[in-house]
2 protein chains.
Amino acid sequence: MNLEAIKPIFETNLLAEIEKKGTIREVKKGDVLVDLGEQIKFIPLIIKGSVKVVREDENGDGLLLYFVDYGNTCAMTLNCCMKNTKSEIRAVCEIDTTLIMIPSNLMDLWLSQYKTWRVFILSNFQNRLNELLKAIDSVTFMKLDERLERYLNEKVLSQKNNILKITHLEIATDLNSSRVVISRLLKKMEKNGSLLLGRNTIQMNS
Amino acid sequence: MNLEAIKPIFETNLLAEIEKKGTIREVKKGDVLVDLGEQIKFIPLIIKGSVKVVREDENGDGLLLYFVDYGNTCAMTLNCCMKNTKSEIRAVCEIDTTLIMIPSNLMDLWLSQYKTWRVFILSNFQNRLNELLKAIDSVTFMKLDERLERYLNEKVLSQKNNILKITHLEIATDLNSSRVVISRLLKKMEKNGSLLLGRNTIQMNS
DNA sequence: TTGTCCCTGTAACAAATGTTACCCTAATTG
DNA sequence: CAATTAGGGTAACATTTGTTACAGGGACAA
């Protein structure tokens, strides 16, 4: 098990524990890691890749909440582990991703034993709360064109590639908008010179 | 110090610690408990009353996130305690409120020592995350009239009184809308029979 | 090759929300 | 008391976003 990526985060004893109790899982782009209403029995710790976390309402409308990168876990998932409630969100792989699955019953034990685990869990909660605040800011205070711009920039960061393989419909779904509206705005941005449109691709100029 | 309200939550040893290390604070309706950008050195634990938590952007536009009731704390504040970052939110008293202020440096120590503290902190994070999700749902998926209805209902719950002393402007501010729009919708709801409007008051019929 | 499906562009229109302006009245202040 | 201010009602209009409809071209399978 290659734990290089998380070595700086945890104390040595805990790393050994993780190696012993955790299991590696590899998931492909597009795979659904966690789905709505699912019971979660493992804490997913991302070693490599990127996962997007999405909220959905009863009509099937959706909204992208945030991306989770390596060295992190999804606090929304931690919830479920603690209380054995069902997942309120869906997690989908953005790119091929590797994670360690840690049995959720170790959560509390490790909290009492390992300082670095406490820091890890609590700062993950902090990060997720902040991400949710950013999502709220977007939806509440920004107009759609600004949200779209932010979305594209985050996508570039999360994929480490400024040529995005994505359709207008997918964007519309992530932003809870409609395809026509997104096409309209993208066209305006292209005329603006901030990007270049192609079939299934958007090349960002920044 | 009257700790009756929180007695069921914590183990006896911890209660004694809280009594020893915490200090009582009484705040009046409208008082700002935590303000944007503030450093927080105490974990506020609500014993009696209700506090509303608000997000604001750089233009002064705002949005009500959620209410915090007794037996709870504000996880957004926990963040700040942990990392000594500045507050991302403002907390304002809805009604006269009593709280215990716990020095934030005890946070980590108690996490390692007391199971009930771990449960308390983690379930508070869980609650806050869920409240934020609800806020996101409102803003993203609901139309303004539905949001207004939900807002009024929550207000009634949080104040335990179905006659609300509030102006249309205050509502507009909490919902990040404008006074004219709120008045328009309230009037429609009055014609609907779901409430009764008066100067500075709204009487809910439900 | 032909047919089908998916992606994109565009126009015309509809709905939701925000803005401005003005009025009336209750409450408060001097 | 008069004067001022705050809360609320309403109309007209602007802006943003969503919806419907349709057309053209690329990708792909039969």
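**The interface of chain B and chain A**

Across the interface of chain B and chain A, the rule finds six salt bridges, a salt bridge being a side-chain nitrogen of Lys or Arg within 4 Å of a carboxyl oxygen of Asp or Glu. One of them joins R118(B) to D108(A), with the closest N and O atoms 2.8 Å apart.

Before I continue: this is a predicted model, in which local features need pLDDT of at least 70 and side-chain atom pairs count only at pLDDT 80 or more, while totals for chains, interfaces and linings use all residues. Residues are numbered from 1 along each chain as its sequence is written, chains are lettered from A and ligands numbered from 1 in the order in which they are written, and side-chain values use heavy atoms, leaving out hydrogens and water.

The contact (heavy atoms within 4.5 Å) takes 38 residues from chain B and 38 residues from chain A. Between them, the two chains bury about 3400 Å², 70% of it on carbon and sulfur atoms; buried area is the accessible area (1.4 Å probe) that two parts lose on being put together, summed over both. In chain B, L122(B), L129(B) and F141(B) lose the most area to chain A, together 19% of what that side buries.

I turn now to C93(B). Is this residue buried or exposed? C93(B) counts as buried because its relative accessibility is 3%, where buried means under 20% relative accessible area, exposed over 50% and partly exposed in between (1.4 Å probe, protein chains only). Among the residues that C93(B) touches, not counting those up to four places away in sequence, are V27(B), L33(B) and V51(B).
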